[in-house]
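This report walks through one protein model, from its overall make-up to a few single residues. Please keep the sequence and the structure in view while reading.

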Amino acid sequence: MATPGTQYMMQACLAADMSSSPHPKPVDPYLSDPVSMLPPGLTPDSNSRITLRGVSGKDVLIPCLSIGAWSWGDKATFDYNPTRDLPRIHAAWAKLKAVGLTFVDTAQSYGDGESERICGILFRDMPRDSFVVQTKWLSTPDITNTVLQSGGPKSKLKDSLVRLQLDYVDIYLVQGPIHPSKISIVAKGMAGCVKSGMARAVGVANYDTNEMIKMADELAKHDVPLSVCQCEYSVVRRLPEVTEGRLSGKYSTFNEPQQRRRFSSYPMRMLEPTINVLKSIAEERHVSVPAVALNYSINKGVLPLVGVRDAGQAEQDMQALGWRLTEDEIKQIEGVSLQGRRSSFMQHG
């Protein structure tokens, strides 16, 4: 079973470890990546796929947009109410499934496992090759992880598979660089999940560069590639950081996000120049503000992960695909983008 209370532990850690500077720092253009990292002429749409390296030729093909399921079942951060929210999730999933955007990111800690259970319900009666699911091992020092050491990831994944009603997950991530065990021990455990057939590919979330390289080296000793490094990136966090919901267009100086949902501590007034540029481009493009922010990340070579709670959000996020910002539009956005910083606990990358 999922460890009770992990959703509240995660929220407490986020609240105590805000990742933005009190004085927003613009990005030095001389240190920036090129305006666009995508090859000319490539325009990702809902049918486009990216290949993640697996083992023994079992690669994983993923859409260019990942659907974040943190809010599905999570009361601590998202006030989940099944009567109100579950029908909305089903409606959103119907829209996403219709266009093939069926790459879902969940975790053992989201809603103490409830997110995985909801995903399992959504996946019922779907061909196994018609969706991709990514879940995460929360490496907190509970009795299972402490006693089993390298066996912790596999033990926890067995429980995840029961909740998901699946025989394997496509991708299994280490949820943050907070594990008490050495990276070599964690790598052995994650490799074991691949070798047993319980996961097709493995990766890490929120590692910094050095931690990621060390994990890749340790996995390579078991002939398993590091396939994913999940570090959230956005216009207001050009360092890979989480800034969920801040660029949705629904918040303003007079309507701040709830404190427990503020994954950066910037007051909205500091983000108004950024929001205004995104709104202007969105109006000209006849798309949503989130679609512009997501399209920017896609142009930078990022595979965005977006939280979806209802059909309206699904439609907004789907608008990010099938077109590309011009270089001039990207430069406008970068002129009001922020650098951000790493946080000391969960988000090293």
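## Terms and overall make-up

A crossover is right-handed if, with the strands pointing away from the viewer, the path from the first strand over the helix to the second runs clockwise. Helices (H or I, at least four residues) and strands (E, at least two) are DSSP runs, numbered from the N terminus. This is a predicted model, in which local features need pLDDT of at least 70 and side-chain atom pairs count only at pLDDT 80 or more, while totals for chains, interfaces and linings use all residues. Residues are numbered from 1 along each chain as its sequence is written, and side-chain values use heavy atoms, with hydrogens and water left out.

The protein has 12 helices and nine strands. Among the contacts with a separation of 6 or more, 78% come from residues 24 or more positions apart, where contact means heavy atoms within 4.5 Å.

## Strand β7 and its neighbours

Strand β7 covers residues 199-205, and six of its seven residues are buried. Two strands pair if DSSP finds at least two bridges between them. On one count, strand β6 (residues 169-175) runs parallel to β7 and is joined to β7 by six bridges, with Leu173 standing opposite Gly203 in β7. From β6 the chain passes through helix α7 (residues 183-195) to reach β7, and this β-α-β crossover is right-handed.

Strand β8 (residues 226-230) also pairs with β7 in the parallel sense, over four bridges, and here Val204 stands opposite Cys229. Together, β7, helix α8 (residues 209-220) and β8 make a right-handed β-α-β unit.

## Two loop residues with positive phi

Asn206 is found in the loop between β7 and α8, and its phi is near 70°, a positive value in a residue other than glycine. Asn206 counts as buried because its relative accessible area is 13%. Gln165, in the loop between α6 (152-164) and β6, has a phi near 60°, again a positive value in a residue other than glycine. Gln165 has 45% relative accessibility and therefore counts as partly exposed.

Asn299 lies in helix α10 (residues 289-299) and is buried, because its relative accessible area is 1%. Leaving out residues up to four places away in sequence, Asn299 touches Ser36, Met37, Leu38, Arg324, Leu325 and Ile330.

Gln316 belongs to helix α11 (residues 311-318) and, with a relative accessible area of 31%, is partly exposed. The C-alpha atoms of Gln316 and Ala291 are separated by 6.2 Å, although these residues are 25 apart along the chain; Ala291 is also among the residues that Gln316 touches, together with Ser288 and Pro290, not counting residues up to four places away in sequence. Pro273, in helix α9 (residues 268-285), is partly exposed at 43% relative accessibility.

## The second largest pocket

Rolling a probe the size of a water molecule over the atoms shows where empty space is left. On a 1 Å grid over the protein atoms alone, a pocket is an open set of points where a 1.4 Å probe fits, with protein on both sides within 12 Å along at least five of seven lines, and lining residues have an atom within 4 Å of a point. Grid points are joined across faces, edges and corners, and a volume is the space filled by probe spheres set on the points. The second largest pocket has a volume of about 230 Å³. Of the 16 residues that line this pocket, Leu61, Asp129, Ser130, Phe131 and Val132 are the closest to its centre.

Note on methods. Buried means under 20% relative accessible area, exposed over 50%, partly exposed in between (1.4 Å probe, protein chains only).
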